[in-house]
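Trainee: Hi! Could you walk me through a structure today?
Mentor: Happy to, let's look at it together.

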Amino acid sequence: MRFLELAETLDKIENTTKRLEMVDLISDLLRHTDEDIKETVYLLQGKVAPDYEGLELGIAEKIGIRALSSLSGLRENEIETELVRKGDLGKIGEELLHAKKQASLFSEDLTVRKVYESLLKISKSAGEGSQTRKLQILLDLLHNAEPVEVRYLLRIVTGKMRIGVADMTIVDSIAVAFGAKDKTDLVESAYNIMPDLPELAYRAMAGGIDSLSSIRITPGIPIRSMLAERLPSLKEILERMDGRFAIEYKYDGLRTQVHKIGNKVELFSRRMENITSQFPDIVEEIRKFVKVENAILDGEAVPFNMETNEMLPFQEISKRRGRKYYLKEAIERIPVVLFLFDAMMLNNKSLMDTPYANRRVKLTNAIEESDKIKIAKSRIVSDVESADKFFNEALEAGCEGIMAKSIDDKSIYKPGAREFLWIKYKREYQLEMEDTVDLVVIGAFGGQGKRSGGYGALLMAVYSREEDKFRTICKLGSGFSEEQLDNLPRMLKPYQLKKRDPRVESSIDADFWFTPSLMLEVKGAEITLSPTHTCCLNVVKKGAGLAIRFPRFTGRWRGDKKVDETTNEQEIIEMYHSQRKKILADYA
Ligand code: ATP
């Protein structure tokens, strides 16, 4: 196929925002391709190989500029200035070479295959003289390119495809091209265990769309990681899991998929990049302590202080990403421990459809624990108290929370799925204020959009009994039903004032002021220091008051309480301190 056809399709894709149109355009293109279908899909993605092979294109823009300068006669610094102005070397190249092209007699048509092979050469070219070789290959391509081809060639080689056709759009397009829309799930399932779209497109074309169902998980090809849902409390997790589940530490590090094929070990990130070269120490350890020939395992690599036996903040691990010659030093300075929590394949037998509890037993049997390879801590629980105890242990050990895992018969490993088979629960979800507060409305702000004509938010206050003052603690706009919002102006009308009530202390200027009367029950995430609210001003910290973070109306009007029973400042201070104690205890 001519590269022109692909470039013109890319141009049309760039000019539509409708996903269905994109799918139509791409599936049409795929149907037209033949033996070069793989190359076509790679170029659609702006790649020459799947991410996990680590072959990057992205040649420096400098080389692109040099090539354009040599073909157009314009000076390099003039093109650079243009690039600063327009930000898109592809467009600049298209315009510059437009006139030239018409005058050129000795060019030949570019094919998809020729472009792909040239780009592959560019990406593999390394070492001495590689810049000159890359320039030469690019010049050769540009010389033969039509203007629209120039645009996409330059974008692809510099790694700036811009339109970047999303993987899921290509999944849909493969289904439509070689089957029908209802085959999308089939293509997606194949993609989850073989995230190589060119290969899938080729197999769908050559063997029919249904042949994708025979794809199996393969050592060396990363699968998409299984993900977790979240719930706000251990109680809800227990209910959702039918009263019994496995609870694991949720380690805070880098998701790492291990592939062992004999003596060869490869590591992949959650985004399926090959990260093997960053962790030679882990690779070595896997060779020694994973006692099976072939394996695909799931885990979390966590930076670790070996002396104190403590986990370190996960950001530390990114220091491993530095240049190669720093790696040796980084390995010594930032040791990493790999906590394994799942096995998707052992000795060439897929465990994807095996229930979790069984997978876990097989994982444990296949691994000998060492200083740097450990099995994730886990326990079976069937009541909230034990779950809570384990959760606190996890925090104490330096984890960010727990992962609850279903242990029923259907608890298979679902690649790419975020479902309730796994549920995460982290420390910050616990930062729900333990108690509600009863706050009084002292002001309101006019609403906008859907809320125009009514109130967008209310200004809420606590009470100081000693001083008979109402001081602001938050703006409240969440938790109301449509009906409640509609009713607010009517409910507040009797209390409306022309200006601020003298008992109210506020540094915020509301649109409407009210006599403190209407009381609402409010819950928030936590009490924080605030530079704007006057509640407890200067008490905890000079110049700061206290505020409620993420406040929401619980739905309960406190008409049963008198206004002097509004939550008072003293209670807020106590809540603030007890919350701090709890956080400190959690971290201790
Ligand atoms: P988060 O930002 O909360 O880590 P996420 O969106 O990155 O979430 P989720 O699937 O929602 O990913 O949360 C699970 C993540 O937690 C996994 O991607 C993995 O990196 C990490 N993790 C740590 N310990 C475990 C464990 N025991 N089981 C599964 N995942 C774990």
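Mentor: We'll go from the whole chain to the ligand, then to the core and a few single residues. Keep in mind that this is a predicted model.

Trainee: Got it. How many helices and strands are in the chain?
Mentor: The chain has 20 helices and 22 strands. Its C-alpha trace spans about 90 × 65 × 50 Å along the principal axes.

Trainee: And what share of the residues count as buried?
Mentor: Of the chain's 588 residues, 51% count as buried. The accessible surface comes to about 28,400 Å², and carbon and sulfur atoms account for 48% of that.

Trainee: What about contacts between residues that are apart in sequence?
Mentor: Take the contacts between residues at least 6 apart in sequence: 71% of these join residues at least 24 apart.

Trainee: Let's switch to the ligand. Which residues come nearest?
Mentor: There are 17 residues around the ligand, and Arg270, Glu300, Arg418, Lys424 and Lys426 come nearest.

Trainee: Which strands supply them?
Mentor: β1 (227–230), β2 (245–250), β11 (401–405) and β12 (418–426) each supply at least two residues of the shell. Of the elements involved, β12 gives the most, with 4 residues.

Trainee: Which oxygen or nitrogen atoms of the ligand lie by Lys424, Lys250 and Tyr249?
Mentor: For Lys424, an N or O atom in the side chain is 2.6 Å from an oxygen atom of the ligand. With Lys250, a polar side-chain atom lies 2.8 Å from a ligand oxygen atom. Tyr249 uses its backbone instead: an N or O atom there lies 3.0 Å from a nitrogen atom of the ligand.

Trainee: How much of the ligand does the protein bury?
Mentor: Taken alone, the ligand exposes 590 Å², and the protein buries 85% of that.

Trainee: New topic: the nonpolar core. Which residues touch the most other members?
Mentor: In the largest nonpolar core, which has 110 residues, Leu119 and Ile174 touch the most other members. Helix α9 (residues 147–157) gives the most to this core, with 7 residues.

Trainee: What is Leu119 in contact with?
Mentor: Leaving aside neighbours within four places in sequence, Leu119 is in contact with Leu43, Val48, Leu57, Leu141, Ile156 and Val157. There is also a second, separate core of 30 residues, including Met433 and Leu458.

Trainee: Last one: what is the phi of Asp242?
Mentor: Asp242 has a positive phi of about 60 degrees, although it is not a glycine. Asp242 is in the loop between α13 (234–240) and β2, and its relative accessibility of 68% makes it exposed.

Trainee: And where is Met272 found?
Mentor: Met272 is found in the loop between β4 (264–268) and α14 (280–289). Met272 also has a positive phi, near 70 degrees. With a relative accessible area of 12%, Met272 is buried.

Conventions: Residues are numbered from 1 along each chain as its sequence is written. This is a predicted model: local features need pLDDT of at least 70, side-chain atom pairs count only at pLDDT 80 or more; totals for chains, interfaces and linings use all residues. Side-chain values use heavy atoms; hydrogens and water are left out. A residue is near a molecule or strand if one of its heavy atoms lies within 4 Å of it. A polar contact is a pair of N or O atoms within 3.5 Å; within protein, one must be able to donate a hydrogen and the other to accept it, and residues adjacent in sequence count only if both atoms are side-chain atoms. Accessible areas come from the Shrake-Rupley method with a 1.4 Å probe; for residues, only the protein chains shown count as cover. Buried means under 20% relative accessible area, exposed over 50%, partly exposed in between (1.4 Å probe, protein chains only). A nonpolar core is a set of buried Ala, Val, Leu, Ile, Met, Phe, Trp, Tyr and Cys residues joined through side-chain atoms within 4.5 Å. Contact means heavy atoms within 4.5 Å.
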